[in-house]
Amino acid sequence: MEKRGQTIFGMSFGVIFSIILIIIFISVAFYAIRNFLGWNQCAQIGLFYTDLEKEVDKAWNDEIYIDTIQFTLPSGKKGIKQVCFGNLTQSAVREYTSTQTSLKNEYYLPESNNVFLLPVENACDIDMASFRLNHVSIEEFFCSDVTDGKISITLSIRETQDKVTLLAS
């Protein structure tokens, strides 16, 4: 004798319940993968700051140093598009004055920091959007574009300097 629910769909309750469970498991798996990819972006930003700081310290400890180093940052739709250098109170290169003002007035980032990632929203959280490099001399606030997830930065120091000069290539 057939049950009334089976005649409507032609499937037993057990099969329908199994399909629902499979859909739930697949959804949870996609959610977990998306979160792990987000952690990868945060890790790349942290590694960028760490590697940049190591290179600046290496240059600062030498008497004469000049080198161009390439760093990797998150790319894609939710990636980093620009990296800006200089603090928010110094003069800026003319084309970046609005960027500097925006960072200062809209995001309230620490004025003592001298490295900023744009767009700020793609930098994991507001604390990862800026960083303070020690031993660095930056003449004017400027930004450099990130191309295919890569940015090149030139570091130099001469015997007469007490700080590393940072230039984006």
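Is Cys-124 buried, partly exposed or exposed? At 34% relative accessibility, Cys-124 counts as partly exposed. Buried means under 20% relative accessible area, exposed means over 50%, and partly exposed lies in between (1.4 Å probe, protein chains only).

## About the model

This is a predicted model, in which local features need pLDDT of at least 70, side-chain atom pairs count only at pLDDT 80 or more, and totals for chains, interfaces and linings use all residues. Residues are numbered from 1 along each chain as its sequence is written, and side-chain values use heavy atoms, with hydrogens and water left out.

Helices (H or I, at least four residues) and strands (E, at least two) are DSSP runs, numbered from the N terminus.

## Two disulfides

The structure holds 2 disulfides. A disulfide is a pair of cysteine sulfur atoms within 2.5 Å. Cys-42 and Cys-124 form one of them, with sulfur atoms 2.0 Å apart. The link of Cys-42 and Cys-124 is left-handed, with -125° about the S-S bond. Cys-42 sits in helix α2 (residues 13–61) and Cys-124 in the loop between β3 (115–118) and β4 (130–131), so this pair ties together parts that are 82 residues apart in sequence. Cys-42 is partly exposed, at 26% relative accessible area.

Cys-84 and Cys-143 also form a disulfide, and their sulfur atoms are 2.0 Å apart. The torsion about the S-S bond of Cys-84 and Cys-143 is about 95°, so this disulfide is right-handed. The pair links distant parts of the chain: Cys-84 is in strand β2 (residues 82–85) and Cys-143 in strand β6 (residues 142–145), 59 residues apart. Both Cys-84 and Cys-143 are buried. Number the bonded cysteines of the protein chain in sequence order, and the pairing reads 1-3, 2-4.

## The nonpolar core

A nonpolar core is a set of buried Ala, Val, Leu, Ile, Met, Phe, Trp, Tyr and Cys residues joined through side-chain atoms within 4.5 Å. Which members of the largest nonpolar core touch the most other members? Of its 40 residues, they are Phe-48, Val-83 and Phe-85. At least two residues of this core come from each of α2, β1 (65–72), β2, β3, β6, β7 (150–157) and β8 (164–168). Helix α2 gives the most, with 6 residues.

Now take Val-83. Contact means heavy atoms within 4.5 Å. Leaving aside neighbours within four places in sequence, Val-83 is in contact with residues including Phe-48, Leu-73, Phe-116, Cys-143 and Ile-151.

## Ser-130 and its partners

Ser-130 is found in strand β4. Ser-130 is buried, with a relative accessible area of 6%. A polar contact of 2.7 Å joins the side chains of Ser-130 and Asn-113. A polar contact is a pair of N or O atoms within 3.5 Å; within protein, one must be able to donate a hydrogen and the other to accept it, and residues adjacent in sequence count only if both atoms are side-chain atoms. Not counting residues up to four places away in sequence, Ser-130 touches Tyr-49, Leu-109, Pro-110, Asn-113, Val-115 and Phe-116.

## Backbone features in loops

The peptide bond from Leu-118 to Pro-119 is cis, with omega near -10°. Pro-119 lies in the loop between β3 and β4.

Tyr-108 has phi near 55°, a positive value in a residue other than glycine. Tyr-108 lies in the loop between α3 (97–105) and β3, and is exposed at 67% relative accessible area. His-135 has phi near 65°, a positive value in a residue other than glycine. His-135 lies in the loop between β4 and β5 (136–137), and is partly exposed at 24%.
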